[in-house]
Amino acid sequence: RTGAPTGVTGTSATLTGTVDPDGHSTTWYFEFGTTTGYGTKTSMQSTGSTTGARTVSVPIAGLTPGTTYHVRLVSTSSAGTGYGADAPFTTVGPALTIAASGASVVYGRRVMLSGTVSNKQANASVAVFAARLDTGSFTAVATVLTGTGGTWSLSVKPPVRTTYKALFGGGSAVTTVFVRPAVSFVALSRGRFAIHVGAARSFAGRVVQLQRHRLDGSWLTIGNWRLSARSRVVIHPRLRRGRSLVRAAIGASPQGSAYLAGYSAWLSTRRP
């Protein structure tokens with residue numbers, strides 16, 4: 001028989017149950033997972049061959065907070081295999097929430113992190129940490145106090161893709177903010193344009209594109225140029241006659257997606 005798990009936290013629990021060997025040498029283990037397909041087994045253990053129900057238990061860890069798991073006890077002997085009933089349980093959810101005002105932000109601009117602590121308490125301390133893609137480990141950013149209803153917020157300016165973590169009362173929650181490079185696109189004299197890509201790291205040698213807006217709403221790439229050591233290039237494209245809407249673009253960073261693709265504001269230009 002599968003028992004109710006005990007000591008359930010956000011990441012761990014103790015699985016329980018009873019096994020009656022009924023005079024046969026019997027082994028047992030638990031199956032658990034987020035579906036009734038389970039997928040994970042505890043190590044096999046023995047109850048001997050006595051007669052009568054014996055209590056068994058095993059601790060598990062590495063669970064995900066706020067998640068429903070399914071568990072059942074399985075025993076095997078020369079008499080066959082017995083299965084306990086499915087016993088779902090839910091791990092403790094995070095004690096607070098965290099969300100960003102946008103899934104992505106242009107380099108140099110700010111994004112707002114905000115959330116709520118579960119007890120709705122005002123003047124409670126929420127610790128915020130950040131892990132940049134290029135560093136990997138979390139470092140402290142700030143400690144903020146909650147306001148009315150337990151809400152909190154913090155303005156941040158991520159230089160590259162960054163995961164933020166908030167801690168309160170033993171609970172934690174995370175969110176990731178993606179970053180786009182800042183692409184400037186300026187019209188010069190005599191049909192020339194200047195393109196510059198700004199970010200926390202150099203984009204020297206990367207290829208930028210000139211794109212033209214089409215009637216169906218899509219953007220057509222009409223030229224490619226390589227950035228200089230200063231992440232800048234001056235171009236002199238041969239545009240079609242008449243008025244065009246054009247912009248500069250650069251693809252996503254190939255280095256672990258530190259940066260998403262970046263786009264400049266569009267310019268309206270006319271070739272006689």
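Q: What does Ser 125 contact, leaving aside neighbours within four places in sequence?
A: This is a predicted model. In it, Ser 125 is in contact with Thr 143, Val 144, Leu 145, Leu 167 and Phe 168.

Q: Where does Ser 125 lie?
A: In strand E12, which covers residues 125-132.

Q: How far apart are Ser 125 and Phe 30 in space?
A: They are 40 Å apart, C-alpha to C-alpha. In sequence, 95 residues separate Ser 125 from Phe 30.

Q: Zooming out, how many helices and strands are in the chain?
A: Zero helices and 24 strands.

Q: What is the radius of gyration of the chain, against a compact globule of 272 residues?
A: The chain has 29 Å. A compact globule of 272 residues would be near 19 Å. Along its principal axes, the C-alpha trace spans about 95 × 50 × 35 Å.

Q: How much of the chain is buried?
A: Buried residues are 37% of the 272. The chain exposes about 14300 Å², and carbon and sulfur atoms supply 50% of that area.

Q: What share of the contacts join residues at least 24 apart?
A: 60%, counting contacts between residues at least 6 apart in sequence.

Q: Switching to charges. How many salt bridges does the structure hold?
A: One. The side chains of Arg 72 and Glu 31 meet in it, at 2.7 Å from N to O.

Q: Which parts does that pair tie together?
A: Arg 72 is in strand E6 (residues 68-77) and Glu 31 is in strand E2 (residues 26-33), so the pair links parts 41 residues apart in sequence.

Q: And are those two buried or exposed?
A: Arg 72 is partly exposed, at 22% relative accessibility. Glu 31 is buried, with a relative accessible area of 11%.

Q: What does Lys 165 lie over?
A: The face of Phe 138, at 4.3 Å from the ring centre.

Q: How many aromatic pairs are there?
A: The structure holds four. One of them is Phe 185 with Phe 193: the ring centres are 5.1 Å apart and the planes are at 20 degrees, so this pair is stacked.

Q: Why does 20 degrees count as stacked?
A: Because planes under 30 degrees apart count as stacked. Both Phe 185 and Phe 193 are buried, too.

Q: Now Thr 47. Is Thr 47 buried or exposed?
A: Buried, at 3% relative accessibility. Thr 47 lies in strand E4, residues 45-48.

Q: What does Thr 47 touch?
A: Val 19, Pro 21, Thr 26, Trp 28, Arg 54 and Val 56, with residues up to four places away not counted.

Q: Last topic, backbone. What is phi of Lys 120?
A: Near 60 degrees, a positive value in a residue other than glycine. Lys 120 lies in the loop between strand E11 (111-116) and E12. Lys 120 is exposed, with a relative accessible area of 53%.

Q: And what about phi of Ser 231?
A: About 60 degrees and positive, although Ser 231 is not a glycine. Ser 231 sits in the loop between strand E20 (219-226) and strand E21 (232-235). Ser 231 counts as buried, at 5% relative accessibility.

Terms used: Residues numbered from 1 in each chain as written. Predicted model: local features only at pLDDT ≥ 70, side-chain atom pairs only at ≥ 80, totals over all residues. Heavy atoms only, no water. Helix = DSSP H or I, 4+ residues; strand = E, 2+ residues; numbered from the N terminus. Buried < 20%, exposed > 50% of the residue type's maximum accessible area, 1.4 Å probe, protein only. Contact = heavy atoms within 4.5 Å. Phe/Tyr/Trp six-rings, centres within 6.5 Å; stacked < 30°, edge-to-face > 60°. Lys NZ or Arg CZ within 6 Å of the ring centre and 35° of its normal. Rg over C-alpha atoms; globule rule 2.2 N^0.38 Å. Areas by Shrake-Rupley, 256 points an atom, 1.4 Å probe, with all protein chains shown as cover. Salt bridge = Lys/Arg side-chain N within 4 Å of Asp/Glu carboxyl O.
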